[in-house]
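Please walk me through this model in the viewer. Tell me what to select at each stop and what I will find there.

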Amino acid sequence: MRPTVLVVTATTAQTLARRAAALDDASPVRGARDLFDLPPGLVYLDGNSLGAPPTAVRAALADAVEQQWGGHLVRAWNDDGWWELPLRVGDRIGAILGAAPGTTLAGDSTSINLYKAYLAAVALRPGRGVAVTDPGSFPTDLHVLGAAAEVAGLEVVTARPVDVPGVLAARSSEVALVALSHLDYRTGELHDLPALTAAAHESGALALWDLCHTAGVVPVDLDRHHVDLAVGCGYKYLGGGPGAPAYLYAAARHHDRLRNPLPGWNGHAEPFAMDTAYRPAPGVARMRTGTPPVLAMLALEAALTVYDHVAVEAARAASLTVTGLFAGVVDTLVPEVEVVTPRTDDRRAAQVALRHPEAYGIVRALAARGVVGDFRTPDVARFGFAPLYVTHADAVTAVLALRAVLDAGEHLSPAFPNRSPVT
Ligand SMILES: *Cc1c(COP(=O)(O)O)cnc(C)c1O
């Protein structure tokens, strides 16, 4: 017989349920779940990978297809404001990020925006040949930096964020760019954006932040912290849908000298002059390249209306109580897994990562019980607590399911021998 590590009594479960209910009642985002379409009964802890659809998206897409595209056809570029969508949606994202209007552009993917931002950044620091980044960055951030470095003749130096100030001190006048993710996608550790941005500036370098895992759940305050460039995707907490347009932010002070390494006709000062000589548009619009994916832009724009009803600060507060509850209950009820994510509020956002040698089986077995997280190789089970639709009650349900999975050995089931292409 498999030993049960800890018996969860009915009293324990009831006490936890009461605690969760009290936190849900007092939540600053109470009721926000009604803004989303979610299958009933599902505990969806993967909104940090693919956000759930906001209810507003469905009507916006129907309108886009039937009225705008179907009704107005090519006229819609003018009449429905399609041409300005990258800037209009960019401003809406900028408001969530603490960025002034005219500094954020929606479009392309995060990978493409990283390429543009890396090369634009180093072009602003001529004579400096080093880019510093975290070796634990999301792979695409590293792959694209490698390619950009080849084009720009840069040396890439890797250092964990805590060690970046040391690298800057040692190689101060050489560093053009510090490029980091606000949150470690694997461990869920939140990095100190204001301090690291200030450290980069003290050395004369620029700071570029990837906000994929914090936009919409942490007040980033890009302008206030003097961040130079930032990128992120639209399909995680922002809820824009699979493959939603990403975004690129550039501080207004850099606009005049900002060079787009993929200059296309959409970023031209006069796109319809059909000028064969490239002249960049004023402002962040010069970072545009080609025709935007209008349907996806309209879906993202509708998704962002969620933030007309909820402040990012409220989402932040709710994410801290829900992740704190989850991590604490895991500690007491599931001591055989390691909570990898830092406990202090200033080093955590909306994700909790657990380490276990059978993390993949655990994620699959939990999904079979209606608790959806994901797996990151080699041994991390990730749980995203998108605070607008994940409740404290969901967090307790998830821990009890985890306890049950381990007690019954469901994670060792031969039904989970092979990994699906997306884990
Ligand atoms: C999700 C994510 C990406 C995704 O990039 P795509 O170009 O959208 O595939 C990149 N970087 C980080 C840090 C991410 O979390």
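Start with the second largest pocket, which holds about 340 Å³ of space in this predicted model. Its lining is made of 20 residues. Select Leu190, His191, Asp192, Leu193 and Asp346, the lining residues closest to the centre of this pocket.

Which helix gives the most to the lining of the second largest pocket? Select residues 193-202. That is helix H8, and its share is 3 residues. Now colour the lining of this pocket by class.

**Next stop: the largest pocket**

Move to the largest pocket, with a volume of about 450 Å³. Here 23 residues form the lining. Select Ser49, Asp374, Arg376, Val422 and Thr423 to find the ones that lie nearest the centre of the largest pocket. The lining of the largest pocket divides into 9 nonpolar, 7 polar and 7 charged residues.

What kind of peptide bond joins Thr377 and Pro378? It is a cis bond, with omega at about 5°.

**Two residues with positive phi**

Jump to Leu73. Look in the loop between helix H2 (56-72) and helix H3 (76-79). The phi of Leu73 is positive, about 45°, although this residue is not a glycine. Is Leu73 buried or exposed? Leu73 counts as exposed because its relative accessibility is 52%, and the cut-off for exposed is over 50%.

Finish at Asp108. Its loop runs between strand S2 (104-106) and helix H5 (110-123). Asp108 is not a glycine either, yet it has a positive phi of about 55°. Keep the surface on. At 35% relative accessibility, Asp108 counts as partly exposed. That class sits between buried, under 20%, and exposed, over 50%.

Key: Residues numbered from 1 in each chain as written. Predicted model: local features only at pLDDT ≥ 70, side-chain atom pairs only at ≥ 80, totals over all residues. Heavy atoms only, no water. Helix = DSSP H or I, 4+ residues; strand = E, 2+ residues; numbered from the N terminus. Buried < 20%, exposed > 50% of the residue type's maximum accessible area, 1.4 Å probe, protein only. 1 Å grid on protein atoms, 1.4 Å probe; cavity = no way out; pocket = protein on both sides within 12 Å on 5 of 7 lines; lining within 4 Å. Points joined across faces, edges and corners; volume = space filled by probe spheres on them. Nonpolar A, V, L, I, M, F, W, Y, C, P; charged D, E, K, R; others polar.
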